[in-house]
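Hi everyone, thanks for coming.

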Amino acid sequence: MIKLRALLPGAWLATVLAMLLLLLWQLPQQQWRSSIAGLLPAAAEPWQQQLLEQVNSSRQISLALTGVPIAQLRQAASTLLENSAEVQWHQPGQLLSTLQQHYQQHQSLLISDKAFSLLQQADYQPLVDAALQQLYSPVPLLDGALAQDPLLLTQQYISAQGREGVIPKANWLESRDGKAVILYGEIGVDPFDRIPAMQLVQMLEQQLDALQLSQPQLQLARSGVVFHAVHAAANASFEMQFYGGMSVVAILLLLWFSFRSLRPVWLATLVLLPAVICGLALLVLSFSQVHVLSMVFATTLIGLAVDYSFHAMLAANQGRLVFQTMLPSLALSLLTTVLGYLVLLLLPFALLQQVAVFMLAGLTAAFLSVWLWLPRWLTPGRMQNNRCLLNACSSVSQRLDKLQAHRVWYAAVPVAALLLATLVVSGRFSDDVRLFNQSPASLLQQEAQVRALGAQQWDSRFLVVLAPDSQQALQAEQQLQLSLQQWQRQGWLTSWQSVSQQLPSVQHQAEGQQLLQLAYQSEPVRRYLTELGLSAPAPRSDWLLPDSFPSPVVQQLIKLDNYSAAIVLLSQVTQVAELQQAVQQLPGVYMLDPIADTNASLSALRSQLMIWLAVALALSIAVLAWRRGLKAALASGLILLIATSAALLVSLALQQQLNVFNLIAAILVLALALDYAVFFTSALHKAEVIQAVALSAATSCLAFGMLSFSQTPAVASFGITVFCGVALSALLAPLLSVIRAKELNSGGTL
Amino acid sequence: MKRLLGLALLLLSARCAAADISLLQRFAPVEGHIQFSQRKQLQGLPVALQSRGYIELKQDELLWHTTSPVDSQLKITAAGVSQWQEQQYQAVAGSEFVGQLMLAVLQQQQSFIAEYFSLSETSADCVQLQPSQAPLNSLFDRIELCGKQQLQQISLFELNGNQTDILLQQGTELD
């Protein structure tokens, strides 16, 4: 047994080295993500999840050029196209030309809604009048129009197409007033794949900078998910390095102030390094794609791991016996913290799971390093404590000795009740997923500018028509057009884009052919044909089909496992609730709103977190009751409640609204505060516990306080709550020492 | 030596372009109110379609009003062609270049013509415009402008065999 015990430090060293090698091997291949949406709980229905995976406009980008005369805009656009091969730029003029050629080969199959309606009503004279107007205008006709489609219905249908506000040119769009050129295309990389996306944006920005330099008056507006994602990733990466670095520097300074020696620095590093290595190794082993934001939150490991080293250093400095007496409390602290992070592991939120895995592995590694290595590297009496700090801690300890337990109870109970009641009454939550990534105002402004030009006009919400196959989906979507027109007249939405507007269902095309044959037999049309010397063409059956249709709109017709889905893109929906209600009345038609659905998921997650917060608190009290007795456990519970509630109330006052990240922070406050409660209810020497907790709280507040300055609202929320909670816990936890603890005699060993 | 040759070729091509455009200078730009008669020969139609009307030409805007045998109005600007329908002008998609062409030809916009056409003289009174760029070269085979001091006839020869002759003088009719 002794031999095995002696081997443990070496075995632990081997484990850490193995983890390091694994990390060095895996890290270069690791994909770092910055998109929040992909980490949230899945959509309710499997077909919705499948659809959302396929409907992905995140690779589209648009660039709007304005500010100089049209000739210079075209020159700038041409230069950009030549030098940005990494983007697959669309050719709208070519697309339109190809589409028109396709229609030309299938004339009379495509009939506008108005003409179709006239055919159904057998009102043929307006059709004849329109055909004559077309014939006598100087605008060229489609090839073979008179032979295939003497009423020129397809020609008129094509004439009515085209976006408002923009004119498709060969390689770009131009605004009708000639003041803007818009390039739009698709990138070949995933915008949330950090390194390739950053490289692509960097190359693009270089070209845009060069353009700007050659034409200072030129104004550029960018639109596309990749710009926002790269900004968010760069921001998160910078903050991770910055705040992590600042934390390390702050901790080092604090150690130097407390001990006037580099030895504590080395000892803290001995605990911290294995913690980071093991945490990171287990994280990359467990997840194929690690989110950058989880690393931002995981900077808290620095605070927690160093906290362990403080307790251990101060205890080991006083001899092996004191160290062995301290260990059970450290183990208890680890246990309560692990329980807190285990709560996160059970939630269906990948980001939290990643944080939990990192922290669980890291904290366990920190504990093992403390237990197995620290005593070997610190001779008792070797460290000199800062006299001032020691005297201050002793002074606080003496003052606490004079405090009576019942006064603590009389103050804590009403304060806890008041804070909890205030929180329950005044607590307001925001579940907006846009909190996760905050794009800069300039990017949002450019996005709005591009949208205003009409090139990027679709809302995030859209309609889905589900049917057993694509033709039935098209037919159902065709029938939806009447409802869409009615909603447009009511002002519920501005416009929409659907597949059937360009590609009618076969059934609709066949019906059109039958109606045309009836029209050709009518008096007005026979007279028209006779005057022109034309004969009525035979009905067509070479239908327009999705597989051979040369338009990107067919991408809105999607094959799912058991269904086909036709997507209707919407623009400027103003009456969301009314539209939702109307859609619910239509069988097989659904409205999907990814942002609203994500927000709803976030709201559900928040509710779960609140329940689990209560569960974690109850678990902690139960564990403390087992090790410290019921009185100490209840007192600790009160202190935890006060610290957590007060932290949330301060956050509410500063932010006006709470969010899910405040609750995640509250769980962490719980974990840290428990650590302090464990030590203050132990039989350890009070002055040293005060010193260790003070040092720990100071380092944690430094780390979390810096997060409060993050530009990402989610991270800032997290930082504010943890800072307030930890500070308050450190101030209140010493009061627990006046409650006599009953610690089971475990011999001080594990 | 090579440099001198290159320079000479450059000067020669510039001189040719200048000579091309100068062919148009015989026609004074059309303006104001002009009567027109149009004869349109379409593939598949045994008889040509004849129509009459007037053009109102202002700066950068042309009103094409056919009065006989149908009443229809087209507004032509550099942005394209719009047709009068249901009490408003509605854009005719894909007609931007045709609109620009009509304005350029009637107003003698040399920069547009020089960019999209190569010019040659077919007779003493006529200049031929050969489209050299998309999309015009996918619609038209050639365009002929005829007249003595003023533009009197525009003939549009489409690639599909359709031909449109437009006479620009009051009282003049085609057979």
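Before I point at anything, you need to know how the pieces get their names: helices (H or I, at least four residues) and strands (E, at least two) are DSSP runs, numbered from the N terminus. Also, this is a predicted model, where local features need pLDDT of at least 70, side-chain atom pairs count only at pLDDT 80 or more, and totals for chains, interfaces and linings use all residues. Residues are numbered from 1 along each chain as its sequence is written, chains are lettered from A and ligands numbered from 1 in the order in which they are written, and side-chain values use heavy atoms, with hydrogens and water left out.

Okay, let's start in chain B. Find B:His65, which sits in strand E3, residues 61–68. Is B:His65 buried or exposed? B:His65 counts as buried because its relative accessible area is 10%; buried means under 20%, exposed means over 50%, and partly exposed is in between (1.4 Å probe, protein chains only). Leaving out residues up to four places away in sequence, B:His65 touches several others, including B:Phe36, B:Tyr54 and B:Asp71. By touching, I mean a contact, with heavy atoms within 4.5 Å. With B:Asp71 there is also a polar contact, side chain to side chain, at 3.1 Å. That term means a pair of N or O atoms within 3.5 Å; within protein, one must be able to donate a hydrogen and the other to accept it, and residues adjacent in sequence count only if both atoms are side-chain atoms.

Zooming out, chain B has four helices and 11 strands. Of its 175 residues, 43% are buried.

Now, how do the two chains meet? The size of an interface is often given as the accessible area lost when the parts come together. Here, chain A and chain B bury about 2500 Å² between them, with 61% of that from carbon and sulfur atoms. Buried area is the accessible area (1.4 Å probe) that two parts lose on being put together, summed over both. On chain A's part of that, A:Gln133, A:Tyr136 and A:Pro138 supply 31%, more than any other three residues. The contact involves 25 residues from chain A and 34 residues from chain B.

How many salt bridges cross between chain A and chain B? The rule finds zero, and it looks for a side-chain nitrogen of Lys or Arg within 4 Å of a carboxyl oxygen of Asp or Glu. Helix H6 of chain A gives the most to the side that touches chain B, with five residues.

One joins the side chains of A:Glu205 and A:Arg222, at 2.9 Å from N to O. That pair links distant parts of the chain, with A:Glu205 in helix H9 and A:Arg222 in strand E7, 17 residues apart. A:Glu205 is partly exposed because its relative accessibility is 21%, while A:Arg222, at 13%, counts as buried.

Over in chain B, B:Lys148 pairs with B:Asp125, their closest N and O atoms being 3.2 Å apart. Both ends are in loops, 23 residues apart. B:Lys148 is exposed at 59%, and B:Asp125 is partly exposed at 30%. Chain B also has a network of salt bridges linking B:Asp141, B:Arg142 and B:Glu144.
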